[in-house]
Amino acid sequence: MDVEAVTKYSKLHAKPLGFFLQYGTAGFRCKAGNLNHVMFRMGLLAVLRSKKTKSTIGVMVTASHNPEEDNGVKLIDPSGEMLAPTWEDHATFLANAEEPQLHCVLTEICQKEAVDLQNKAFVVIGRDTRPSSKELSQSAIDGISVLGGQYQDYGLVTTPQLHYMVRCHNTQGSYGTPTVEGYYQKLSKAFLELTMQAASQKDGHRGLKIDCANGIGALKLKEMEPYLSESLAIDLANDGREGKLNHMCGADFVKVHQKPPVGLQMNPGERCCSLDGDADRIVYYYVDTACHFHLLDGDKIATLISTFLKELLMKAGQTLSFAVIQTAYANGSSTGYLEQTMKV
């Protein structure tokens, strides 16, 4: 480890006095102006994680559904999953270390995790559309470069796209091609096959209005639209040309306020949905003929599908068991209903 280089660059990415952050499910998030040093250090950590696992690791610069002035970062593990819990602790420790102790903290992580510094490291990077994201992404690249890691900067991508890139790199192409085109091809092919036997609308197309939260989702859906033209007609709202990121729009706004986002015109029976700022969260909704709003989030959809499947099994006289997989964000009431009422 080049102590002199780490020390030199860490001073260029100085830590604010009295600053503390905790790495959690969403990684690190706070005001963008306080994150320069965190990004640099997560670049360092990504290299150590890559050397440890002998795999490609991802660094996504985003604050998801937070306000535009915020930003954040999360690391992606080899299979495209969240960072391992023990390394979340390392991330917190490293982000909060004082400048003079930075090299010691890095050395301690290497010793605890038996990291072989002679191993090669490769990191892929992506960012959302926030004004601060490009500069903060460069800070992460500085950290990667200082420890001799190689990297590929994918630039503007959604969080799911970067997760996909990580997995593709680590499966030597068997999962998919690590490009945005490969992502579009894989998902659109799966969607078209899934809906091939489903009843179409009378005009031969399915329609969907999408609130893009004035974020990265708008850019990427415009790119993906040609891949879906045979089966899905999309109408984009809050595409970033006028509104502010996540302001009175987006998945979190719709779910919290239980009402449609500003900027999306709804008619009774139309299918609508909202993404969040980095397009890794989605909620569906509609209004009925009385203009009452109905939210269909992941918990509700999973419950509806479970009810449908259970009814089919009962009618068929089958006793097959099935399960619902929920995330850490799941509504506790939905979990209780599935367990106690549905007996899933």
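Helix 3 (residues 85–96) packs against helix 4 at an angle of about 170 degrees, and their axes are 10 Å apart. Axes here are lines fitted to C-alpha atoms, for helices over the stretch in contact, and angles run from 0 to 180 degrees between N-to-C directions. Helices (H or I, at least four residues) and strands (E, at least two) are DSSP runs, numbered from the N terminus. The angle makes helix 3 and helix 4 roughly antiparallel, and therefore they are described that way here; angles under 35 degrees count as roughly parallel, over 145 as roughly antiparallel, 65 to 115 as roughly perpendicular and the rest as oblique.

The model is predicted: local features need pLDDT of at least 70, side-chain atom pairs count only at pLDDT 80 or more, and totals for chains, interfaces and linings use all residues. Residues are numbered from 1 along each chain as its sequence is written, and side-chain values use heavy atoms, with hydrogens and water left out.

The crossing of helix 3 and helix 4 is right-handed; a crossing is left-handed if the near helix is turned anticlockwise from the far one by less than a right angle, and right-handed if clockwise. From helix 3, Thr 86, Trp 87, His 90, Phe 93 and Leu 94 meet Leu 102, Val 105, Leu 106, Glu 108, Ile 109, Lys 112 and Glu 113 of helix 4, where contact means heavy atoms within 4.5 Å. These residues comprise seven nonpolar, two polar and three charged. In this grouping Ala, Val, Leu, Ile, Met, Phe, Trp, Tyr, Cys and Pro count as nonpolar, Asp, Glu, Lys and Arg as charged, and the others, Gly among them, as polar.

Helix 4 (residues 102–113) also packs with helix 2 (residues 36–53), at about 20 degrees and with axes 11 Å apart. Helix 2 and helix 4 are therefore roughly parallel, and their crossing is right-handed. Phe 40, Arg 41, Leu 44, Leu 45, Leu 48 and Lys 52 of helix 2 make the contact with Leu 102, Leu 106, Ile 109, Cys 110 and Glu 113 of helix 4. Eight of the contact residues are nonpolar, none polar and three charged.

Helix 7 (residues 180–195) and helix 8 (residues 216–228) have axes that come within 9 Å and cross at roughly 50 degrees. That makes helix 7 oblique to helix 8, and the crossing is right-handed. Glu 181, Tyr 184, Gln 185, Leu 187, Ser 188, Phe 191 and Leu 192 in helix 7 meet Lys 220, Glu 223, Met 224, Tyr 227 and Leu 228 in helix 8.

The whole structure holds 16 salt bridges, each a side-chain nitrogen of Lys or Arg within 4 Å of a carboxyl oxygen of Asp or Glu. One pairs Glu 69 with Lys 31, the closest N and O atoms being 3.8 Å apart. Glu 69 lies in the loop between strand 2 (56–61) and strand 3 (70–76) and Lys 31 in strand 1 (residues 28–31), 38 residues apart.

UniProt (unreviewed entry) lists "domain: Alpha-D-phosphohexomutase alpha/beta/alpha" at residues 51–89 and 118–173.

| Span | Helix | Strand | End C-alpha atoms apart |
|---|---|---|---|
| residues 51–89 | 21% helix | 33% strand | 18 Å |
| residues 118–173 | 46% helix | 23% strand | 26 Å |
| residues 297–344 | 58% helix | 0% strand | 19 Å |

UniProt positions are given in the numbering used here, feature names are shortened, and annotations may be inferred rather than shown by experiment.
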